[in-house]
Amino acid sequence: MTHTHDRLLIIDFGSQVTQLIARRLRELNVYCEIHPYQNVTDAFLAAFAPKAMIFSGGPDSVTREGSPRPPKTAFTMGVPILGICYGQQVMMQELGGLVESGHGTAEFGRAFVTPAEAQLSILEGWFVEGREQVWMSHGDHVSRIAPGFEVYGTSPGAPFAITADVSRHFYAVQFHPEVHHTPKGAKLYENFVRLAGFTGDWTMGAYKDDAIEKIRAQVGDGHVICGLSGGVDSSVAAILLHEAIGDQLTCVFVDHGLLRLNEAEQVVTMFRDNYNIKLIHADESELFLGALEGVSDPEVKRKTIGRLFIDVFQKYANGIEGAEFLAQGTLYPDVIESVSFSGGPSVTIKSHHNVGGLPEKMGLKLVEPLRELFKDEVRALGRELGLPESFIGRHPFPGPGLAIRCPGEITREKLEILRKADAVFIDQIRKHGLYDEIWQAFVAILPVRTVGVMGDGRTYDFACALRAVTSVDGMTADYYPFTHDFLGETATRIINEVKGINRCTYDITSKPPGTIEWE
């Protein structure tokens, strides 16, 4: 892609909240990328040519021999740098200061920073009331700042909470401005990128034009197959690809029998009625449900579905003359999470059916036009492409579909019950005007039966769990605080209208420690 916009590099030292830094910058219309420290070499810096850099926090200690470091070239490029927590400490250690462990100066949680006498432009809008709340999370502390730096803010546990070498445009803070517990953190980032000369040119209009140019350059006169799930990501990817290459695109909508009520018809109708895109409706429900019969382990479910997706795509790819590329709706969080900052093996929370391995097995080259975007940015791109708001605002739906909302063995009976219960729940949410306040909502059918009483008779039917969460990008989430009246009304409707369910529960687990989906 020809990058016409300025770029900021975030060097990741392993913080759990590094993605939040990127989110804050994207909200300021600043294009940034996160790269693990071990991948940032001198050659990488020369090629990336950042206009500014941010060093993230991290779990290691700079006092440990062999702990993560940025390349020394980073300090000689003449671009502004902001160091955060571990990023501050590594700046001090590398530039001639001193970091120590212990001595009772660890801080975890809310703290208050007070200003020093000297003024600093990156703190414009801060210290209006004499001190500012911030979020600290550090065991080590800077005991001597590097030559050229001055102190601009202190806290009880961090005498050098805010430091800067203004002449070199190096800034460093001990706290985390990216988390919401630092109320004015976004203002600090805004001041930093303004001082670094960013003009806020990262817009969806600019991204769309760049992406179309990149797709055309990559694909040439080849043919692209796009796996269409009916979700927002794959649909936006399909429309973007069609705008770039027109008839060189064929979409394959795989109906695996694990979709919501009437979903296959809705997706096919929307694309065939509104877009002149070649679309294959592959009803492979018997294949998928047959392979999942008797399977209860969630990872086996996901991998079975992933394997069958490959087989199905291969079958239809073989029938499309000139097919060279496979398009996927991979998003930036998927890309970040697939790379461990330490270079070691990362824990697999759950497998993604569309991440990893497809091109090698299929003999197709991969096109991922959304891989630089977060979820809300995909929706913004969808608006730029003219997709209807009713579609753009749809809640996320996982690739494995209802398979992972059906803990235990999957049966056609349970899927039919689940579809109907889910439809009632979503109808209730829409009826009460809550749909757009909620990131994702669904019903999970539980692998237990419970005793109930309906009329004068005994029932022995399934229990279900309602799940609704709020989130910004799906990385963290909290349960939606429905009223008891709403939950009572919804439970009554599901039990009355859906044969096979006689008990409803509401899942109030946040992410973390839970995940949004049940499997």
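Predicted model: local features only at pLDDT ≥ 70, side-chain atom pairs only at ≥ 80, totals over all residues.
Local features need pLDDT of at least 70 and side-chain atom pairs count only at pLDDT 80 or more, while totals for chains, interfaces and linings use all residues. Residues are numbered from 1 along each chain as its sequence is written, and side-chain values use heavy atoms, with hydrogens and water left out.

Two packed helices are described by the angle between their axes and the distance between the axes. Helices here are DSSP runs of H or I with at least four residues, strands are runs of E with at least two, and both are numbered from the N terminus. In contact (heavy atoms within 4.5 Å), Val 232, Asp 233, Val 236 and Leu 240 of α6 meet Lys 375, Val 378, Arg 379, Leu 381 and Gly 382 of α12. By class, this contact has five nonpolar, one polar and three charged residues. Ala, Val, Leu, Ile, Met, Phe, Trp, Tyr, Cys and Pro count as nonpolar, Asp, Glu, Lys and Arg as charged, and the others, Gly among them, as polar.

On a 1 Å grid over the protein atoms alone, a cavity is a set of points where a 1.4 Å probe fits but cannot get out, a pocket is an open set with protein on both sides within 12 Å along at least five of seven lines, and lining residues have an atom within 4 Å of a point. Grid points are joined across faces, edges and corners, and a volume is the space filled by probe spheres set on the points. The largest cavity has a volume of about 80 Å³, and its lining has five nonpolar, four polar and no charged residues. The second largest cavity has a volume of about 30 Å³, and β10 gives the most to its lining, with three residues.

α14 gives the most to its lining, with six residues.
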